[in-house]
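These are my notebook entries on one protein chain. I set down what I looked up, entry by entry.

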Amino acid sequence: MTWNLTFFFNSVLLGVGLAMDAFSVSLANGLGEPKMKKGRMCLIAGVFAAFQAAMPMTGWVCVHTVVQYFSSFQKFIPWIALALLGFIGGKMLYEGIRGGEETEKAAVGVGALLVQGVATSIDALSVGFTISDYGAVMAAVCALIIAAVTFAICMSGLEIGKKFGTVLAGKATVLGGVILIGIGIEIFVTGVFK
């Protein structure tokens with residue numbers, strides 16, 4: 001592979017494609033925390049961006065080292081994403097239906113944020129196969145472009161979610177939970193039945 005405009009364009013497109021799940025989860029996080037400050041938004045978007053960069057690089061390393069083990073693991077990716085997002089979404093749904101919670105308590109914790117980061121980026125492991133003919137530096141640059149695109153997309157998802165979260169008030173947690181469960185089902189269906 002050579003350094004050219006096509007490389008950068010394809011990397012941006014990969015970033016956009018991979019960031020859609022993280023965008024939806026960011027939207028749900030914004031709905032759940034409509035008074036979120038910019039620093040927290042940057043933290044959440046940064047976590048998603050870091051995972052979206054790390055997963056393709058992990059896949060790239062796997063292709064160049066232990067590809068036979070990675071191939072057998074790949075069939076479990078949709079199941080893992082469904083379980084993680086279903087658990088988090090179910091918890092949000094339960095808390096939203098149960099009611100009596102302050103809006104600020106709906107804020108996603110560090111543990112849940114890390115689980116969301118893994119769940120929304122685990123399918124990016126397979127991008128390691130796509131970029132396997134890149135050298136290490138090109139693969140790293142591609143991963144950084146994916147991270148930058150993911151960061152920008154997640155920031156917009158958080159901002160949109162915050163706006164609607166203020167309007168929806170008490171129902172935001174329920175909607176956020178439904179969105180997360182829906183994303184988990186979508187990843188599962190497209191991963192198992194592709």
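Which residues are linked in a network of salt bridges? I looked this up in what is a predicted model, and found that the network links Lys38, Glu159 and Lys163.

**Entry 1: salt bridges**

I counted three salt bridges in the structure. I began with the side chains of Lys38 and Glu159, which meet at 3.0 Å, N to O. Lys38 belongs to helix α2 and Glu159 to helix α7, so this pair ties together parts that are 121 residues apart in sequence. I then followed Glu159 to its salt bridge with Lys163, where the closest N and O atoms are 3.4 Å apart. Here both partners lie in helix α7, four residues apart, about one turn of the helix.

Lys163 counts as exposed, at 54% relative accessibility.

I also noted the salt bridge between the side chains of Arg40 and Glu33, again 3.0 Å, N to O. Is each of these two buried or partly exposed? Arg40 is partly exposed at a relative accessible area of 25%, whereas Glu33 is buried at 6%.

**Entry 2: overall fold**

I recorded eight helices and zero strands. Of the 194 residues, 42% count as buried. I looked at contacts between residues at least 6 apart in sequence, and 93% of them join residues at least 24 apart. The protein exposes about 9400 Å², of which carbon and sulfur atoms supply 73%.

In soluble globular proteins, nonpolar side chains tend to be buried together.

I then took Leu180 and read off its contacts, not counting residues up to four places away in sequence. Leu180 touches Val25, Ala28, Leu85, Ile88, Gly89, Met92 and Gln116.

**Entry 3: surface patch**

I turned to the surface and found a nonpolar patch formed by Phe76, Trp79, Ile185, Val189, Val192 and Phe193. Together these residues have about 610 Å² of accessible area. The largest share of the patch, three residues, comes from α8. I located Phe76 in the loop between α3 and α4. Phe76 is partly exposed, at a relative accessible area of 43%.

**Entry 4: confidence**

I ended with the pLDDT values. The mean for the protein is 82, and 86% of its residues reach 70 or more. Where is confidence lowest, and where highest? It is lowest in helix α3 (residues 67-73), at a mean of 65, and highest in α2, at 93. I marked residues 101-105 separately, since over this stretch the pLDDT is below 50. Beyond near neighbours in sequence, residues 101-105 have four contacts in the model.

Notes
Residues are numbered from 1 along each chain as its sequence is written. This is a predicted model: local features need pLDDT of at least 70, side-chain atom pairs count only at pLDDT 80 or more; totals for chains, interfaces and linings use all residues. Side-chain values use heavy atoms; hydrogens and water are left out. Contact means heavy atoms within 4.5 Å. pLDDT is the predictor's confidence in each residue, from 0 to 100. Helices (H or I, at least four residues) and strands (E, at least two) are DSSP runs, numbered from the N terminus. Patches are made of residues with over 30% relative accessible area and no salt bridge: like charges are joined within 9 Å, nonpolar side chains (Val, Leu, Ile, Met, Phe, Trp, Tyr) within 5 Å. Accessible areas come from the Shrake-Rupley method with a 1.4 Å probe; for residues, only the protein chains shown count as cover. A salt bridge is a side-chain nitrogen of Lys or Arg within 4 Å of a carboxyl oxygen of Asp or Glu. Buried means under 20% relative accessible area, exposed over 50%, partly exposed in between (1.4 Å probe, protein chains only).
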